[in-house]
Each structure stands twice: as structure tokens, then as C-alpha cells.
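Hello,

Here is the structure I promised to pass on to you. Please open it beside this email, and then read on for what turned up in it.

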2 protein chains.
Amino acid sequence: MARRNDHSRDELKTLTLAQSLKIAEKEGMAALTARRIANEIGYTPGTLYNIFGSMDGLYYEMNALTMQRLAETLSGSVQKAASGTPRDRIKAITNSYLNFARKNKHLWIMLFNTSFEHEPPDWYAEKIEGLFSPLEAIIAEIFSKIPKQKIKLLARTYWASIHGICYLEITRKGPLRKNLTAGEMTDELIERFFGQTD
Amino acid sequence: MARRNDHSRDELKTLTLAQSLKIAEKEGMAALTARRIANEIGYTPGTLYNIFGSMDGLYYEMNALTMQRLAETLSGSVQKAASGTPRDRIKAITNSYLNFARKNKHLWIMLFNTSFEHEPPDWYAEKIEGLFSPLEAIIAEIFSKIPKQKIKLLARTYWASIHGICYLEITRKGPLRKNLTAGEMTDELIERFFGQTD
DNA sequence: CATAAAAATGAACATTGTTCAATTTTCTTG
DNA sequence: CAAGAAAATTGAACAATGTTCATTTTTATG
């Protein structure tokens, strides 16, 4: 059997990704096996390899969709705070990032998984790059009359810091515990990072 | 054959860990298979399970040793800068962390691996906790006359931020590229985080 | 309708972590 | 020192994994 009129090529790809995301978010990345996914969409493992080339290929496409959702969430939160101060928008985008990670724990962890054996596809870097342009915009607003390169440095430094705090809470790999939530830490970071700018 | 006089229980454990660390640092965690390790120390996979219970058990013990080395490196760097200002010591411990991660890339990544299926042993949390007491001491010095709880918050916030920056550079999972090194970012973070304290 | 192209299959392969009965070595005890 | 108990080591087996690919089946084409 082949090219069963059930699904076009694109439909099949979409279907596979949707089911994979469902499994991963519920049960974590370890539950994502070729046989299980194939079985749940009514195909066989070989078909997955026709579409994605490898499991890593599938993972990268899943991550692209997660990044897309994250990007929309982030810029949405900034828009909502459009009438507030730049500081309000910083807080909004920060909390938005934190909430997204908490609500999509397994998918968020997948974004930073280090055990892929294949290199990411070419389009992957741009997806990452585009994620935090809203943050750059806010920071450019706060630190006006500053070189573009410095804005980039500040934005990345701030985001990496937030990410570290988030990573700590989500994975429990660092010395967190004892009533210290990521929210308290991000508040503290904002205070110190943007403190002199008021 | 059993209990071959070749090695005592402890020697065998040490030997296994040493060889595992060697493999992991050279070729990454994916190269760490039970059969390969066993083969390279002249035993069989079953023996590894007698000692460590599971592969995760081995990983956790490897990580404990890596943390030990890291802890010594960090406090060593602080001692070297003992005659300088607190800010000098912050810079020293930060660079020390960054350098350790760069020089022990694979082992450092292993510390933050999220794919363990077994829970960490009880003693594991303390090992993590103990890692950054030197940092707390310095921060307590900088922010004198501040509640102990606030010191802890500041220390963890700062460390998580550094960790995020480091994670970004090492794993290349975030928007780094374009001449932006982790060193520039940590310098910027120190500037903003401890800026008002001079 | 026949032939070519594409898609889907399913069996096979090499590896993996893990288990465990059997075997071999060491320890203990009389 | 001998014999039985205890401990350590083995090696074969198991289920599961990612991946490949010749074969089969379906669709498209002339």
C-alpha cells in the first residue's frame, strides 16, 4: 500500500507533528518513539523517515513549532502591556516566558535538549534569532541613544539570565529549593539589571 | 569467576568512574555505553549494575565528581583573588565557572542533562547546594547589612544568570553568534548586577 | 491500458539498558 | 585446613530503540 489517498504529503506532515507534540507534552521526549508515533497516526516507522529523514529531523520541526508558539506568546504579552512603561513590558515579556515554560514544560525542555546527533537544519538558527526581537525593541527604548551593538549585547545578556533562572526552576538541576521561586529571582534580576534606568 | 583479586570494591568503583569520565569528556555522554565501559576496564556489564544499580546511578556519581572538581576550582579562584576587591572576586569566580565549562564541555553538559529516568540519590542535592557557598560569601560582603534570605536570593539569581549565559555559549541553543562571547555578556551582567554597589 | 514514478510497508540489523540463573571466587567457621 | 555460606562475576537472554531497504502497493503519466 502506498500513497493512500487518506492524506496528502503536507497533511501527513502536519498530522505527524501534531501527534508527536501531543505525546511529548504529556509524557516527555523519551516517550517519542518512531514506532509509537507511526502507530498512532496509522502508518509505519518507514513513513516517518520518508518525511523527516531521522528522528532528529522530526524533533527539529517540532521545536520550530514550539518556538513559533513561544514567539507569538511573547509578542502578545508585550502588546498587552503597550500602554505601560518599558519596565512594565520587560516584566510582561519575562513573566510570559516563564509561564510558557511552566505550561509547556516538556516541549520547552526539548528546545534545549543537547542529545541530538544530527546538526540542526539551516533554517533553525533564524527561528531562534527571531524569538527575541521584541525584547530588543523594549531594551532599545529603555537605553535610548546607545549603539545598536550594545543593545544586542544587553538583550542577549538579559535573556540568557532569564533563561538560566527558568532552566533552574524547570529542571531542578541547580540549587533552587527553599521557597525561592523563579518569579522572585526574575523580579530581583529586573531590579538590578534595569535599576539605574528609572 | 568472581571477586577477582585484581581490584577491591572501592578500587573497582574508582576505576569505573575514571574510565567513564575519560570517555565522556572525549566523546560525549552518548559514547558512554555499559558494554564499552565494562570492556575497557576488563569486566562485563553486569558488574557495573552491581556497583551502580543502573546507568543513571553511574551518571550521578560521575556528576558528583565533576561537581567536586568544579567546587575546588571555584573556591581556588576566589582564594587567588583574596587580596582584591569583592568585585574582583566576583569576576574571578565568574570567569572560573566559564572556563571550567569550556574546558570540560561534555562533563559540564552532563551536569544539566535532563534525560535521566531515575531520580537523583539523596546526597545529590547537597552536592549542588554546596557548590556556590563561596559566591554567597562574596555577595554577603558586597551587600552588607542585608538579611540572610536576601543574600541567598541574590546569590542564586546571579548564579542562575551566569549559568544561562554559559549554557547559551556552550550548547549554542540560543541566539548567540555574531561576535557575542559569553565573556562580554558576563562582564555586562556584572556591571548591571553590581553596578550600584561601588 | 501499460508503464513509470512515488509512497508505504514490514522485515531485518545492530545497539541499547537491564535482568538473572548459573558459575566462580572468596570468606567464614568448625 | 576443609566445607559450607556468602559474595562477586559472568554471559546469555529480553525487549525496545533508531535506522535501512528490498519489496509491494498505490498513484500518475503517456
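To start with a question: how many salt bridges are there between domain 1 of chain A and domain 2 of chain A? The count is 0. Please keep in mind throughout that this is a predicted model.

**The fold of chain A**

The chain is divided into domain 1, residues 1-53, and domain 2, residues 66-197.

**Between the two domains**

The C-alpha centres of domain 1 and domain 2 of chain A are 31 Å apart. Where these domains touch, 8 residues of domain 1 are in contact with 9 residues of domain 2. Together the two domains of chain A bury about 590 Å², with 68% of that on carbon and sulfur atoms. On the side of domain 1, A:Leu21, A:Glu25 and A:Met29 supply 75% of the area buried against domain 2, more than any other three residues.

Although the salt bridge count here is 0, there are 2 residue pairs in polar contact across this interface of domain 1 and domain 2 of chain A. The residues of domain 1 that touch domain 2 divide into 4 nonpolar, 1 polar and 3 charged.

**How the two chains are related**

Now for chain B. A rotation of 180°, with 0.0 Å of shift along its axis, superposes chain A on chain B with an RMSD of 0.0 Å. The two copies are thus related as by a two-fold rotation axis. Which surface does each copy use? The copies meet through the same surface, because 100% of the interface residues of chain A are also interface residues in chain B.

**Where chain A meets chain B**

The contact takes 45 residues from chain A and 45 residues from chain B. About 4,100 Å² is buried between the two chains, and carbon and sulfur atoms give 63% of this area. Across the interface of chain A and chain B there are 2 salt bridges, along with 9 residue pairs in polar contact.

Which elements of chain A give two or more residues to the side that touches chain B? They are helix H6 (105-111), helix H7 (123-130), H9 and helix H10 (182-193) of chain A. The largest share comes from H9 of chain A, with 16 residues. By class, the side of chain A that touches chain B has 21 nonpolar, 12 polar and 12 charged residues.

**One pair to look at**

Side chains of opposite charge can pair when their charged atoms come close. For an example in this model, please look at A:Lys150 and B:Glu188, whose side chains meet in a salt bridge at 3.0 Å, N to O. This pair crosses between chains, from A:Lys150 in helix H9 (residues 148-171) of chain A to B:Glu188 in helix H10 (residues 182-193) of chain B. Over all chains, the structure holds 19 salt bridges.

Happy exploring, and best wishes

Methods: Residues are numbered from 1 along each chain as its sequence is written. Chains are lettered from A and ligands numbered from 1 in the order in which they are written. This is a predicted model: local features need pLDDT of at least 70, side-chain atom pairs count only at pLDDT 80 or more; totals for chains, interfaces and linings use all residues. Side-chain values use heavy atoms; hydrogens and water are left out. Domain bounds come from an automatic or database domain assignment. Contact means heavy atoms within 4.5 Å. Buried area is the accessible area (1.4 Å probe) that two parts lose on being put together, summed over both. A salt bridge is a side-chain nitrogen of Lys or Arg within 4 Å of a carboxyl oxygen of Asp or Glu. A polar contact is a pair of N or O atoms within 3.5 Å; within protein, one must be able to donate a hydrogen and the other to accept it, and residues adjacent in sequence count only if both atoms are side-chain atoms. Ala, Val, Leu, Ile, Met, Phe, Trp, Tyr, Cys and Pro count as nonpolar, Asp, Glu, Lys and Arg as charged, and the others, Gly among them, as polar. Copies are superposed by least squares on the C-alpha atoms of residues with pLDDT of at least 70 in both. Helices (H or I, at least four residues) and strands (E, at least two) are DSSP runs, numbered from the N terminus.
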